[in-house]
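Please read the points below with the sequence and the structure open beside you. They are set out as a colleague's notes.

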Amino acid sequence: MKRMSIVFLQAVIVLIGIVALAMLIRFPLTEGRATNLDLVSIYADPFILYGYATSIAFFIALYKAFKFLGYIGKNKVFSADSVKALRDIKYCAIVLTILIVTAGLYIRVAHHKDDDPAGFLAVCIVTTFASIVVATAAAIFEKLLQNAVDMKSENDLTI
């Protein structure tokens, strides 16, 4: 049962990655100002390129979460590799938060006065909150796991 739940969670992570990648490919084609542009011009838009650059941190965090679940499946949860995976997830979430806030501030300051940035800013607020929650949870789990790894190595030395 434990192995099946880990495989299920890994499948969910892969599915999230596929859906996010599909959205990254499909969204620029339907975006308002890009509807009349050719494919090269759509994907050369600086804001779209910024979105792709920002997504790198998201996909790295997904990969690290997939690896962390693999460590759990191999009963290596109390290892330095697990702590490093959680630390990397935390850093990716922090970077993602900073990049999303930067994009939101840029849109808030530089938007055209006829445009309404409220929808984009709402998405920025929600994703920023989600990234902060992930970073906080990863930091807490990293600290707890590091303490457990330290206690395990200390017990291994005494025996």
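**Notes on the salt bridges and a helix pair**

1. Aspartate 88 is buried, with a relative accessible area of 16%, where buried means under 20% relative accessible area, exposed over 50% and partly exposed in between, using a 1.4 Å probe and protein chains only. This is a predicted model, in which local features need pLDDT of at least 70 and side-chain atom pairs count only at pLDDT 80 or more, while totals for chains, interfaces and linings use all residues. Residues are numbered from 1 along each chain as its sequence is written, and side-chain values use heavy atoms, with hydrogens and water left out.

2. Aspartate 88 forms a salt bridge with lysine 84, with the closest N and O atoms 3.1 Å apart; the term stands for a side-chain nitrogen of Lys or Arg within 4 Å of a carboxyl oxygen of Asp or Glu. The two residues are 4 apart in helix 4, and therefore separated by about one helical turn, and lysine 84 is partly exposed at 43%. Helices are DSSP runs of H or I with at least four residues, numbered from the N terminus.

3. Which residue of helix 3 pairs with aspartate 88 of helix 4? The side chain of lysine 64 meets that of aspartate 88 in a salt bridge (3.1 Å, N to O). Lysine 64 lies in helix 3 and aspartate 88 in helix 4, so the pair ties together parts that are 24 residues apart in sequence.
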